[in-house]
Amino acid sequence: MTAAAPLIFDIRRYALDDGPGIRSTVFLKGCNLRCLWCHNPESIDPQPEIGFYPRDCINCGDCVEACPVSACQLENPARIDRGKCTRCGDCVKVCPGQALRLLGCFYAVDELLEIIIRDRMFYEVSGGGVTLSGGEPTLFMDYCAAVLGPLQDLGLHTAIQTNGLFDWREFKEKVLPLLDLVMLDVKLADGNLHREYTGRDNALVWANLEGLLKEKPDAALPRIPLIPGFTATKGNLEAISRRLQDLGVRKCALLPYNPTWFSKAESLGKPIDVRLSPHLMTPGEVAACREIFSRAELIIH
Amino acid sequence: MSNVTFTVEELGLRDITLKNMPRLQRMRDRHFDGKPAICTELPRNITTFWKEKLAKLPDKDDSPELKAGKLYQYVMERKEAIIAQDNLLAGTTTTKPLGVLLYPDLYPLCIWPELETIGTRKKNPFDITPAQIKELNSVIFPYWLDKGTIMEATRKALKESDQECAALQERLVYYLVSKPECISHTIPHYGMVVKRGLADIIREARKEEDKPGKSKEQKDFYRAVQLALQGIITYAGHLADEADRQAGMAQNQERRDELQEISRICRKVPAAKPETFHEALQAIWICKIALHQENANLALSLGRLDQILYDLYAEDIKKGHLTPEKAVELVGCFWLGIADHVPMIPEAGEELFGGSGSNQAITLGGVDRDGKDAVNDLTYVMLKATELLVLRDPNVNARYYPDVNPPEYLQRLCEVNITTKATPCFHNDLAVIDTLKSQGVTEQDARDYGVIGCVEPFSAGRTFGHSGAILFNLTSALERTLFGGKHRLTKDELIGEQTTPAVQMNSFDEFQGALKRQLGWLIDRAVTFNNYCGRTHQQMHPCPMLSALMEGCMEKGQDVLMGGATYNFSGAAMIGLADVVDSVTAIQEFGFPHNGNAMAKMIAAIESDWGEGYRDLYAKVKNSSHKYGTDSPLAKDNAKWLMEFLHNTFQSKEHYRGGKYTVGYWTMTNHAGFGMLTGALPNGRRKGESFASGITPVSGSAPVLPACLNFIAGLDHTKITNGQALNLKFPPTATTTPALLSQTIQGYFLKADRSPGGLQVQFNIMNRQKLQEVTQDPGSPEYRDLLVRVSGYTAYFKDLNPQMQQEIINRAEYDLGTKQEIRYPYYERKEEPEPEPGLVARVVTGLGNIVRYVGNWFGELIHRTPAPIRDFLKMLEDKSTGDFLEGLLHFMEFRLEDPLHLDPEYHKNIAKFQGTYRFQDQKSNIETVVSFADGKMRINPDNPPPADLTVTFQDGDCLRNFLLPSPTPKRDFLKKDIMKSILNHEITVEGNLNLLYKFGYLANHLILHPLP
Ligand code: SF4
Ligand code: SF4
Ligand code: SF4
């Protein structure tokens, strides 16, 4: 079952690393995993959320007055008591500095298409296009299909970023034909660890990757997020690379760890697991990971 | 058939480096080591000509044209023939390796007061010798003081009702008409030099002259052309002689051979038609030198050299006489020649135009007259020379025709942009050609456009575009609209149109109407003043050489100044577009909800310079999504009607040579300069901050790059008839590749329906941190050639004034890592930092400059005269201010009388000087007249003659502030106060400014030499 109308929490234009060329990436809200290292903390909950960005706050106190349940308090450095907040959005409406923002907006398909198509020339000249990301966009297959169809008709390059947990038949039928590129995240080779850190087993991920490789091999791009201490371990990466080789995969992509999302989590009042490193990976660490995959003769994207 | 024979790998000519071009390396080093030096050859020759030669009958009664013909023949014949060390091209613009040209009838008198300090000033000093100071002070300047400069002649011509036109110019904040300083901003037809040679043009002129039915004016014109061109040929002969002389002394055979070749070439061209690439470059170079003796070295541009020279290049290559490498070397010599002089900029103007070279634009690529791809091998050779030398002059402009020019050409341009960090800039052929056609230019001529000065595209060699005629401060009209016809700087003064103050307005429509009225009035004043100046040019400064090399003049028998060129325009550059659009939008959004005090709050907020109490409104305004450069329909609409209004109004004006007024959006450094003088604006811009440059959005308010590009591409290009500068800054990271830049340009140049997108774009590839380092250590040799694009022209970053440097550092920077433009949050205004003295003085008219000097003199007198006199003067301070002023003047009188025979030279300054100054306050409590006549200075003489110059102070206090800023020995402090006085309108000056310059020299000399 897929929900009909997702919320969108960001449309990033002039994106350069979500596929070839110059692109727009659309982030759908809602995810069926709970990765401990989720770099898009605002993407998990399918409901609208309120973010607080202290840098933009001018301490005017308007939000305190506006809040019907007294969840907003100036003394609170995080501004909102998440326990009390009903996400009514009243504070957002009055905030002059846009320090309080509502994350997650509904866009009718036409509305979204209009925004995407504004940058059409940049896609055309660069061989770029549109990437649907999340969250997990396959939770909203009908919506995805409705957006991707017209884009494909315009001859634009289309891509999706998925965690691989979707119903294969529905995906193959509705979405896959409309895609030029499927970036499918492979996080952990071990099923138990996968369950522990993301909340679900990984068997479906591998199965869907296999299906994809059979059905549309040119469109498949497995991606491995490198999370120090979790996925970026020698054992895990070697296991993944072996398995990819077995599946006949020729190329894959590595996503080096980047903790800049910590501030996003803070804005939403979400805890950050203490085991996560606050540092970027060193070029040496990244190179060591790459080495594992190039040894397995996988071309790294 | 394509004219590119290089393979794609070869386009970059990667084997050619400065290392294997030792000649260019040496010449480039010398160029950067050199300090500009004043050259007095040209003003000396011009002055001598007028004084001695032309004073004679019957020449005295010649028409202005004929006089000019004789003048330039004389000037060229007497020009010293110099061949710069190592150079393969003979001839220099001045007698110095890096010279400063002075044009005596234009604006040089404003450096009179600075003569003794210009060599040591902090920013961009010019070398000057004592002999030159003496010559300028005692011979050249006095002659032009009597004869009159363009500005003073124009002032005299103004009708009573138009007097305010000059006053507005001198208030500094409204508009600046550049004609008093220059006749330039155009592209001569160098094709004529290459395809015909000057002798042929002379022949044609003679034939035309002899044709029956020609009027006296026409005959005089043809005669003038012959004389002036003959002068150029004589000069070429002198260069050949000099080459022979040097060849005789040459140390090595190689140089001897080179010099002999130079000699051969200069005996042949530019008189005859050049037959090799080298000959053609030399011919153009000699003509270029000649044109700079006649026309100020401001934006006299080169046009499409890769087209004009291609045939000879290709022939030479085919015959094996030339290699691409040799061609790069020759082009390099030419580039360095172009950079061999800088414009004369007085200290005050330094802040406004500081760091500018002389803006000689060159245009590469694009399509030919038939619309076919015109990119050729020579295009790549010239790009290579640009990439190797990294010079601010010439200002390299590349044309790109989407789908016609090959993609690898665009990639190569982007690669050069990334290596040089700032050049070339990119013009969209599709949009430019369309725009030119809308101005009545034929399709073929439109395709043959070249870029003038900063970014202004006009059909090359047949347009007298004077594209830099008017710098127009849009925000000053916005100010007047907000405050009912007043400007905060000029306080209560009401010049011209009065409208309802914004606080009393009831609707946005009313506001819009008032803004249009204020703009319309100011446009009329600026244009009227420009027309007056243009007519003065016609009388005083005909240009036979430029006319000879301009299509149209020969057929019409008319000078370019009279409208001889095929196409005639004068261009205005709008300053502050994005700030005005954002301010208008903010007023629409926050000023006119139905409750009445919203506008009052907005006005109070800007009057408080967005103070603490208005942080909420500030936050709302700043965070509004309705900004110029975003997808906001509101902002788009406001930009649209504003630009349409400007276009229609300018185009509806009468033009003195029968052309049209065009409107462009580029600002050089004026967005920083005018910004300094402007208070807070409704868009959240704080007092004194720079405006957004050119057509670029305000920094921080257009965070989405493609939205910004779409916005600019969506503006109606046919309403942008005088060029635009869109400045973007990318960080030099791994993602900033030639491919990405070229894709970005392509996406911006073409709309989805294949209609034309944006006219122009330019990139600074610049690291914020690096720029900040330079501001800390400007003297470091490491940064001497760090090139940046200002708004159109390129400059060395270290030469720019601090405000301009800051503007470039803050400029919208698209961080491709986060896909976000850097934002600027509200900041607390710190204890207002006293503006850097030079900064305030960003003034072109010599006015500020000179009043400052007068003030310096009085102030310094107090501190530098011996103690007893100082005490005496201090005592006077307690007396009434008027007495005090007189006391000071008496001291000057004492020094001029010189009873102790301490400094007989000083007295010579007034030996033949006549002039009367009046110092007064508005209430006429103070009134002192100083009169110079018969070698005497008289204070308050009986029956004083009418004043030639009146300096008016608002009241006694202002005069006291002016004379006695505060007891500090630092001269900088004085400058600051005097400028403030002018800007606050505590002082106004009326009359012949040249007299003030003279007085300034007298005063400044006393400051520098308090005791002989
Ligand atoms: S699958 Fe992606 S979006 Fe979902 S929780 Fe994991 S990291 Fe976050
Ligand atoms: S969203 Fe509603 S409940 Fe939550 S803090 Fe804002 S105003 Fe209060
Ligand atoms: S309304 Fe916004 S700006 Fe004002 S205190 Fe609340 S969060 Fe801060």
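How many salt bridges are counted between domain 1 of chain A and domain 2 of chain A? The count is 3 salt bridges, a salt bridge being a side-chain nitrogen of Lys or Arg within 4 Å of a carboxyl oxygen of Asp or Glu. This is a predicted model, in which local features need pLDDT of at least 70 and side-chain atom pairs count only at pLDDT 80 or more, while totals for chains, interfaces and linings use all residues. Residues are numbered from 1 along each chain as its sequence is written, chains are lettered from A and ligands numbered from 1 in the order in which they are written, and side-chain values use heavy atoms, with hydrogens and water left out.

**Two domains in chain A**

- Domain 1 of chain A covers 8-45 + 104-300, and domain 2 covers 49-102; these bounds come from an automatic or database domain assignment.
- Taken over C-alpha atoms, the centres of the two domains are 32 Å apart.
- In contact (heavy atoms within 4.5 Å) are 9 residues of domain 1 of chain A and 8 residues of domain 2 of chain A.
- About 670 Å² is buried between these domains, with carbon and sulfur atoms giving 40% of it; buried area is the accessible area (1.4 Å probe) that two parts lose on being put together, summed over both.
- Asp45(A), Ser267(A) and Leu268(A) supply 61% of the area that domain 1 of chain A buries against domain 2 of chain A, more than any other three residues.
- Asp45(A) also has a charged partner: its side chain meets that of Arg87(A) in a salt bridge (3.1 Å, N to O).

- Side chains of opposite charge can pair when their charged atoms come close.
- Over all chains, the count comes to 83 salt bridges.
- Arg44(B) and Glu135(B) form one of them, with their closest N and O atoms 2.7 Å apart.
- That pair links distant parts of the chain, 91 residues apart: Arg44(B) is in helix α2 (residues 41-53) of chain B and Glu135(B) in helix α4 (residues 130-147) of chain B. Helices (H or I, at least four residues) and strands (E, at least two) are DSSP runs, numbered from the N terminus.
- Glu135(B) is buried, at 19% relative accessible area, whereas Arg44(B) is partly exposed, at 35%. Here buried means under 20% relative accessible area, exposed over 50%, and partly exposed in between (1.4 Å probe, protein chains only).
- Glu170(B) and Arg155(B) meet in a salt bridge too (2.9 Å, N to O).
- Glu170(B) lies in helix α6 (residues 163-170) of chain B and Arg155(B) in helix α5 (residues 150-157) of chain B, so their pairing ties together parts 15 residues apart in sequence.
- Both partners are buried: Glu170(B) has a relative accessible area of 7%, and Arg155(B) has 14%.

**An enclosed helix in chain B**

- Why is helix α20 (residues 474-482) of chain B described as largely enclosed by the rest of the structure? The reason is that 9 of its 9 residues are buried.
- Among those buried residues are Leu474(B), Glu479(B) and Arg480(B).
- The buried residues of α20(B) pack against several elements of chain B, including β11 (470-473), α21 (508-540) and α27 (633-651).
- After α20(B) comes Gly484(B), whose phi is positive, near 65°.
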